[in-house]
Amino acid sequence: MIDHIAILIIFIFASILGATVVALSVFFGPKNPNRWKKTVYESGSEPFGDSRLKLDIKFYMIAISFIMFDVEAVFLIPWAVVAKKYGLYGFAVAFVFITILAIGLVYEWGRGGLEWD
Amino acid sequence: MLTDILLILLKIVAVVLLFAMPIGSLMTLLGDRKQSSMIQNRVGPNRARLSIIPGLGRLPLVGIPHFLADGLKMIFKEDAIPDGADRTWHNIVPAMALFPAIVMWAVIPFHDHYCTGEIVVQNYRDICVEGQTRNFFSIANLDAGLLYVFAISGVSVYGAAIAGWASNAKYSLIGGLRSSAQMISYEVSMALSVAGAILIYGTLNLNEMVVQQGHLIGGWLPMWGIVVQPLAFFIFLGAMMAETKRAPFDMPEGESEIVAGYFTEFSSMKFAVIQLSEYVATVFVGALIATIFLGGWQVPYLYGDGFHFGNTPTAALELPYWAVIALRIGAFSFKTIFILWLQFMLRWTLPRFRYDQVMNLGWKIFLPLSLANLVITAFVVAIL
């Protein structure tokens, strides 16, 4: 119980620390904006168009693969904690699970889902 | 109850403000500037002087006044927010970046639980008899310690991604996208490579992991993570370096391509906070790798009552308990700083990767290797 309270306290501590440090420059820094300070930096040329561009589909592919393999890790870590108790049977069951996911990785690799130009 | 909460506050201040932050910010100076200047055959920072303290006014002090001056200077700089930026998120994001870097420290054990009674050493473990154990040397002794670390490091993706989006600048957006894609890619191999170590220790509690690393294989070889899981150590080191966007993996902020990546449009203390959170995260990588793979606070052959050579009940060289604690905390700090030094050496030795190389390394090399490492480890553990 006390350990969970400790986690809560460090959450509050970190939030307050972050807010204070950011607020410091808001209070102490000068405030004289002009047109050139308020434009975004694009290596000296005038910025044009909306900056929130359409994203490349590859980033979505990475995100989808991430979900698949992160869920795999979520299943494997609890197994890893208790694997010693279950011996060869536990290993065989996990091996089937890992093999199916490895086939998934090979399939995605073969279809070019991991290619980056 | 009140004393418990005061103790927790004391521990948080000690760990975060007296250990993580000073080492993190000192490393910005010594690691990033002085070490880089030595590698590149320059002098590095040497102009600032501490002239307010008599006697030190003429000494360069290896450039330490520069780092004090930089921190102070940032407070008095203008906070410029570009037109079209999302002001709310632009203000919140630096704190969001600092938050995970600090709260991750909650589970790092700096020493075993303090024993009020007498310590008996059995089978390479300190057993506390006639007394209680008190948790003085880690902020929270969570049973799911390592899962907590993974959870918080998942949250740290948001800081970079939102910073890139909120600035309304093209360089920032590209930097934010690159950093989020890179961080989630390496999170997979990070979790899977360390699963092998979890298999061997059979626990997620970081302090219990360190206690088990005190075991001696054959009576002489310490059972550190790097000895039983050498491949996982290298995969984990690489993945964690990519997570913190350091070293050859600094694509998200590649200076020669996208200016400063996701924090191009941040100035004054906001910029300093994002930088500081990166350095604190780098120190955390050192501490976590030291805990899982380098024996944490363990000194080889040193147990609660002194040095034991082999599985003996009495110590070959007895030491008082305070000396053991001091040696162990010193060893932990040394290991952390060693991993940090290694990261900075790699940063200034290797050229930056191309982005497709980073992605190939994560998905096509680290991920299959960590899966293979897990299967082989599981097989060996199952037949033994």
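1. Within 8 Å of each other, the axes of α1(A) and helix α3 (residues 87-103) of chain B cross at roughly 140°. Axes here are lines fitted to C-alpha atoms, for helices over the stretch in contact, with angles running from 0 to 180 degrees between N-to-C directions. Helices (H or I, at least four residues) and strands (E, at least two) are DSSP runs, numbered from the N terminus. The model is predicted: local features need pLDDT of at least 70, side-chain atom pairs count only at pLDDT 80 or more, and totals for chains, interfaces and linings use all residues. Residues are numbered from 1 along each chain as its sequence is written, while chains are lettered from A and ligands numbered from 1 in the order in which they are written.

2. α1(A) and α3(B) are therefore oblique to each other; angles under 35 degrees count as roughly parallel, over 145 as roughly antiparallel, 65 to 115 as roughly perpendicular and the rest as oblique. The crossing of α1(A) past α3(B) is right-handed, that is, the near helix is turned clockwise from the far one by less than a right angle.

3. From α1(A), the residues making this contact include Phe11(A), Ala14(A), Gly18(A) and Val22(A); from α3(B), they include Asn91(B), Leu98(B), Phe99(B) and Ile102(B). Residues are in contact if their C-beta atoms, placed from the backbone, lie within 7 Å. The contact of α1(A) with α3(B) has 12 nonpolar, 3 polar and no charged residues. In this scheme Ala, Val, Leu, Ile, Met, Phe, Trp, Tyr, Cys and Pro count as nonpolar, Asp, Glu, Lys and Arg as charged, and the others, Gly among them, as polar.

4. The contact between the chains as a whole takes 59 residues from chain A and 66 residues from chain B. On the chain A side, α1 (2-28) and α2 (57-110) each supply at least two residues, and α2(A) gives the largest share, 23 residues. That side divides into 42 nonpolar, 8 polar and 9 charged residues.

5. In chain B, strands β2 (residues 118-122) and β3 (residues 125-129) pair in the antiparallel sense over 5 bridges; strands pair if DSSP finds at least two bridges between them. Glu118(B) has Val129(B) in β3(B) as its bridge partner. β2(B) and β3(B) form a hairpin with 2 residues between them, and Asn123(B) in the turn has a positive phi of about 50°.

6. Chain B also holds an open sheet of 3 strands in the order β7-β8-β9, with antiparallel pairing. Its edge strands are β7 (302-303) and β9 (317-318), each pairing on one side only. Strand β8 (residues 306-307) is joined to β9(B) by 2 bridges, and Gly306(B) stands opposite Glu318(B) in β9(B).

Conventions: Two residues are in contact if their C-beta atoms, placed from the backbone, lie within 7 Å.
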